Protein chains: 2
Amino acid sequence: MPRPRTPLLSRDRIRAAALALIDKDGLAELSMRKLAQELGVQAASLYSHYKTKEALLDEIGVQILDKVDVTGFAGSDWRAGLTGWARSYRAALAAHPNFVPYLASGPGRHPAALEIADKIHGGLIRAGWPPRYATMIGASTKYLVLGAALTSFARGFDADTQVYLDRYPNLGQAHLLQQMADEIDTDSFELALTAFLDGLDRLRPTLGHLGQPGHE
Amino acid sequence: MPRPRTPLLSRDRIRAAALALIDKDGLAELSMRKLAQELGVQAASLYSHYKTKEALLDEIGVQILDKVDVTGFAGSDWRAGLTGWARSYRAALAAHPNFVPYLASGPGRHPAALEIADKIHGGLIRAGWPPRYATMIGASTKYLVLGAALTSFARGFDADTQVYLDRYPNLGQAHLLQQMADEIDTDSFELALTAFLDGLDRLRPTLGHLGQPGHE
DNA sequence: CTCCTGAACCGAACGTCGTTAGGTAGTTGC
DNA sequence: GCAACTACCTAACGACGTTCGGTTCAGGAG
């Protein structure tokens with residue numbers, strides 16, 4: 001078959017189909033051949049649009065992370081900024097749990113991520129945190145979000161969940177268990193975030209030079 | 001070549017060689033053929049000792065996690081228990097950073113993990129936390145450890161690190177940068193852990209029925 | 001001492017993977 | 001209308017995890 005009159009593929013169509021396959025069957029199940037079949041095309045044709053599989057996955061990654069919201073850092077309320085960022089970050093990852101492992105272990109050095117990191121850093125400094133703390137707080141929050149997104153969804157029911165099950169023997173139906181696991185995940189994340197922010201609140205007054213962001 | 005007089009392979013030798021390869025070249029670079037070559041053997045021979053590659057990786061995982069310490073939960077000081085667990089957990093992962101992605105995204109349902117989860121849960125309840133909070137605190141701490149182990153080492157220099165670089169332009173040599181990145185990672189983890197525990201401390205008195213662990 | 005069962009290796013192969021080369025026909029610009 | 005480009009194809013390469021069947025050694029049974 002030669003070149004068709006109207007293009008069968010587009011980068012958007014490819015990305016959408018790939019992400020749908022990943023959502024349905026998992027990251028490991030995605031192959032260029034299966035993806036091509038899903039699109040009614042041969043595998044080699046995909047390489048007219050994406051240079052490698054990795055390039056495709058990277059672009060899916062930025063698409064997912066596009067929904068992360070850092071507008072909360074516009075004001076001077078650092079707690080609101082961090083909370084909004086962390087929640088939207090986690091929500092973006094939770095929307096495509098099977099893709100999280102790629103985001104978590106990939107190199108991920110897009111300029112968009114840099115820009116976000118800058119906004120967070122700026123917001124924290126504007127709120128009076130010393131630069132070093134701004135850096136660490138940003139990193140810590142990221143730990144929490146990624147850890148929460150990874151351990152909950154990527155694993156399905158993991159060892160910890162099994163413990164919950166032992167303690168709730170009357171819940172026998174699978175979808176209820178899943179729902180309960182989701183709820184525990186969400187509650188755990190919220191608890192961690194709140195406790196972390198509360199701890200920072202308590203730490204703040206003990207810091208010296210607040211409001212005068214020095215170097216190092 | 002037939003069966004040798006003295007066995008060339010053993011599960012321990014295979015595991016050690018595999019982990020060495022992973023540490024050196026990364027998880028993705030490990031293949032059964034390369035591993036066999038490293039051991040002076042054909043790939044098929046490995047299957048006399050491990051049924052699949054996944055079984056091998058799983059056993060490497062339990063070996064790594066064997067160093068996690070939960071003895072701190074023996075007493076009634078829940079902070080000491082959590083801190084000891086979290087630090088040893090992170091240290092165990094940091095010892096083999098290239099393996100962390102597998103642990104983070106794998107199913108990982110070994111009985112050892114269950115036992116650890118139980119000890120943590122028991123320790124927290126003995127310290128007076130309601131069961132539901134014990135569950136959430138355990139999960140939250142795990143988020144932190146896994147997130148910290150993943151985002152720092154698995155990625156080498158990620159986007160955030162680039163920000164640090166911009167702010168420390170006088171550090172030009174690579175090994176100094178790596179050392180600084182490690183230090184920031186450690187400090188961030190410690191900050192997150194401390195702030196989280198402080199936040200829990202603050203939350204604790206506001207909870208009702210402390211010391212009388214009820215159900216749900 | 002022999003026989004047998006099982007274990008530990010090998011060579012060769014199967015099917016799948018990401019990717020590339022080379023071909024062909026439609027589209028676009030001069 | 002011709003060239004350059006584009007978007008598809010078929011076919012293949014090398015690497016992967018794994019399996020099959022074969023060969024040789026080890027250890028226990030008679």
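Phe99(A) is buried, at 0% relative accessible area (buried means under 20%, exposed over 50%, partly exposed in between; 1.4 Å probe, protein chains only). Tyr102(A) is also buried, at 16%. The two rings form a tilted aromatic pair, with 5.4 Å between centres and 45° between planes. Rings of Phe, Tyr and Trp (its six-membered ring) pair if their centres lie within 6.5 Å; planes under 30 degrees apart count as stacked, over 60 as edge-to-face and the rest as tilted.

The model is predicted; local features need pLDDT of at least 70, side-chain atom pairs count only at pLDDT 80 or more, and totals for chains, interfaces and linings use all residues. Residues are numbered from 1 along each chain as written, chains are lettered from A and ligands numbered from 1 in the order written, and side-chain values use heavy atoms, without hydrogens and water.

Over all chains, the structure holds 8 aromatic pairs. Ring pairs join Trp78(A), Trp129(A) and Tyr133(A) in a cluster. Arg204(A) lies over the face of Trp129(A), 5.1 Å from the ring centre. The charged end of Arg11(A) sits over the ring of Tyr50(A), at 4.2 Å from its centre. The criterion is NZ of Lys or CZ of Arg within 6 Å of the ring centre and within 35 degrees of the ring normal.

Trp78(A) is among the buried residues of α4(A), which also include Trp85(A), Tyr89(A) and Arg90(A). Helix α4 of chain A covers residues 78–94 (helices are DSSP runs of H or I, at least four residues, numbered from the N terminus). At its start, a side-chain oxygen of Asp77(A) reaches to within 3.2 Å of the backbone nitrogen of Arg79(A).

Methods:
Helix = DSSP H or I, 4+ residues; strand = E, 2+ residues; numbered from the N terminus. Expected span 1.5 Å × (residues − 1). Polar contact = N/O pair within 3.5 Å; in protein donor to acceptor, adjacent residues only side chain to side chain.
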